[in-house]
Amino acid sequence: MTRITWDDGGEATLGPVHDLAVTLLASSRAYPPGAPVRGTLHGEAALAFTLKVAGSKREGEGFTVRGKLVSATAAVRDAFQALAPSGA
């Protein structure tokens, strides 16, 4: 499971990735639709990214956060694709 940390505190786990659309699971924070949220993807290297949130939903003890990567470099897009769970 690939870890995400939020710049404003908290963390999440990387879920399915489809092109620029990203789902983050078990997030310790929820965000309102339209919010630009900055975070770091922790893979082989730590990569900063910005996600424009489409929505957040309470799931168990955390939140599922869906959104779209914005202003993402090719390295960031490739890392999200490579680190997404199998079958996602």
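Seven bridges hold strand 4 and strand 5 together, and the two run antiparallel. For the terms: strands pair if DSSP finds at least two bridges between them, while helices (H or I, at least four residues) and strands (E, at least two) are DSSP runs numbered from the N terminus. This is a predicted model, where local features need pLDDT of at least 70, side-chain atom pairs count only at pLDDT 80 or more, and totals for chains, interfaces and linings use all residues. Residues are numbered from 1 along each chain as its sequence is written, and side-chain values use heavy atoms, with hydrogens and water left out.

**The barrel and its pairings**

- Strand 4 and strand 5 make a hairpin with three residues between them, and in this pair Thr40 has Ala48 of strand 5 as its bridge partner.
- Zooming out, six strands form a closed barrel in the order 1-2-3-6-5-4, with antiparallel pairing.
- On average, neighbouring strands of this sheet are turned by 45 degrees against each other, direction ignored.
- Strand 1 (residues 3-6) and strand 4 (residues 36-42) run antiparallel and are joined by four bridges.
- The hairpin of strand 1 and strand 2 has four residues between the strands, and Gly9 in it takes a positive phi near 105 degrees.

- Contact here means heavy atoms within 4.5 Å.
- Axes are lines fitted to C-alpha atoms, for helices over the stretch in contact, and angles run from 0 to 180 degrees between N-to-C directions.
- Val76, Ala79 and Phe80 are the buried ones to look at in helix 1. They cover an arc of only 100 degrees around the axis, so they sit on the same side of helix 1; the arc is that of the directions from the helix axis to the C-beta atoms.
- As a reminder, an α-helix has 3.6 residues a turn, so residues three or four places apart point the same way.
- The cover over the buried residues of helix 1 includes strand 1, strand 2, strand 3, strand 4, strand 5 and strand 6.
- Asp78 and Ala82 are exposed, on the face of helix 1 turned away from its buried side. Buried means under 20% relative accessible area, exposed over 50%, and partly exposed in between (1.4 Å probe, protein chains only).

**Salt bridges**

- The count comes to three salt bridges, each needing a side-chain nitrogen of Lys or Arg within 4 Å of a carboxyl oxygen of Asp or Glu.
- Glu11 and Arg3 form one of them, with the closest N and O atoms 3.3 Å apart. Glu11 is partly exposed at 39% relative accessible area, and Arg3 is partly exposed at 41%.
- Asp8 and Arg29 meet at 3.6 Å, N to O. Asp8 lies in the loop between strand 1 and strand 2 and Arg29 in the loop between strand 3 and strand 4, so the pair ties together parts that are 21 residues apart in sequence.
- Asp8 is partly exposed at 43% relative accessibility, and Arg29 is partly exposed at 31%.
- Glu59 and Lys57 meet at 3.9 Å, N to O. Glu59 counts as partly exposed at 40%, whereas Lys57 is exposed at 53%.

**The chain as a whole**

- There are one helix and six strands, and along the sequence they follow the pattern β-β-β-β-β-β-α.
- The radius of gyration is 11 Å, close to the 12 Å that the globule rule gives for 88 residues, so the chain is as compact as a globular protein of that length. The radius is taken over C-alpha atoms, and the rule is 2.2 Å times the number of residues to the power 0.38.
- The C-alpha trace spans about 30 × 25 × 20 Å along its principal axes.
- Of the 88 residues, 40% count as buried.
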